[in-house]
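Here is a brief report on one region of a protein model. Take a look at the sequence and the structure before reading on.

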Amino acid sequence: MKFKFTSLSSAEENSINNYTGEKSGEYIIKEFINMKSAVQYVANNSGFVTTDDEKKSFVVRNIFKKN
């Protein structure tokens, strides 16, 4: 299953002036067996997620199952 890791929570999105929606927020999509594995991955990495090429990394605020 694919999961989308985002850098902003909805409350943070609402508090940012001129926030234009999800496209301007950072996100990374990774594949895991289930949500528990995705959460464990983030926990094992001190709350961070990094792209495979290691060019982008951020603190995870939300994890969503990608359809």
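In this predicted model, the side chain of asparagine 34 reaches the backbone nitrogen of lysine 36 at 3.3 Å. That side chain of asparagine 34 also reaches the backbone nitrogen of serine 37, at 2.8 Å. Asparagine 34 sits in the loop between strand E2 (27-31) and helix H2 (35-44). There it caps the N-terminal end of H2, with a side-chain oxygen 3.3 Å from the backbone nitrogen of lysine 36.

How exposed is asparagine 34? Asparagine 34 is partly exposed, because its relative accessible area of 31% falls between the 20% and 50% cut-offs. Beyond its neighbours within four places in sequence, asparagine 34 is in contact with Met1 and Phe3.

**Into the helix**

Alanine 38 belongs to helix H2. Alanine 38 is buried, since its relative accessible area of 0% is under 20%. Leaving aside neighbours within four places in sequence, alanine 38 has contacts with Phe3, Phe5, Phe32 and Ile63. Just after H2, serine 46 takes a positive phi of about 55°.

Two C-alpha pairs show how sequence separation and spatial distance compare.

| Pair | Apart in sequence | C-alpha to C-alpha |
|---|---|---|
| Asparagine 34 and lysine 65 | 31 residues | 8.8 Å |
| Alanine 38 and lysine 2 | 36 residues | 9.4 Å |

**Across the strands**

Strand E1 (residues 2-6) and E2 run antiparallel, joined by five bridges. Phenylalanine 3 has lysine 30 as its bridge partner in E2.

Which residues of E2 are on its covered face, and which on its uncovered one? Ile28 and Lys30 form the covered face. Tyr27, Ile29 and Glu31 form the uncovered face.

**Lysine 30**

Lysine 30 lies in strand E2. Is lysine 30 buried or exposed? Lysine 30 is buried, because its relative accessible area of 12% is under 20%.

The side chain of lysine 30 has polar partners. One is the side chain of aspartate 52, in a polar contact at 3.0 Å. Another is the backbone oxygen of threonine 50, which lies 3.2 Å from a polar atom of the lysine 30 side chain. Setting aside neighbours within four places in sequence, lysine 30 is in contact with Met1, Lys2, Phe3, Phe5, Tyr41, Val49, Thr50 and Asp52.

How values were computed: Residues are numbered from 1 along each chain as its sequence is written. This is a predicted model: local features need pLDDT of at least 70, side-chain atom pairs count only at pLDDT 80 or more; totals for chains, interfaces and linings use all residues. Side-chain values use heavy atoms; hydrogens and water are left out. Helices (H or I, at least four residues) and strands (E, at least two) are DSSP runs, numbered from the N terminus. Buried means under 20% relative accessible area, exposed over 50%, partly exposed in between (1.4 Å probe, protein chains only). Contact means heavy atoms within 4.5 Å. A polar contact is a pair of N or O atoms within 3.5 Å; within protein, one must be able to donate a hydrogen and the other to accept it, and residues adjacent in sequence count only if both atoms are side-chain atoms. Two strands pair if DSSP finds at least two bridges between them.
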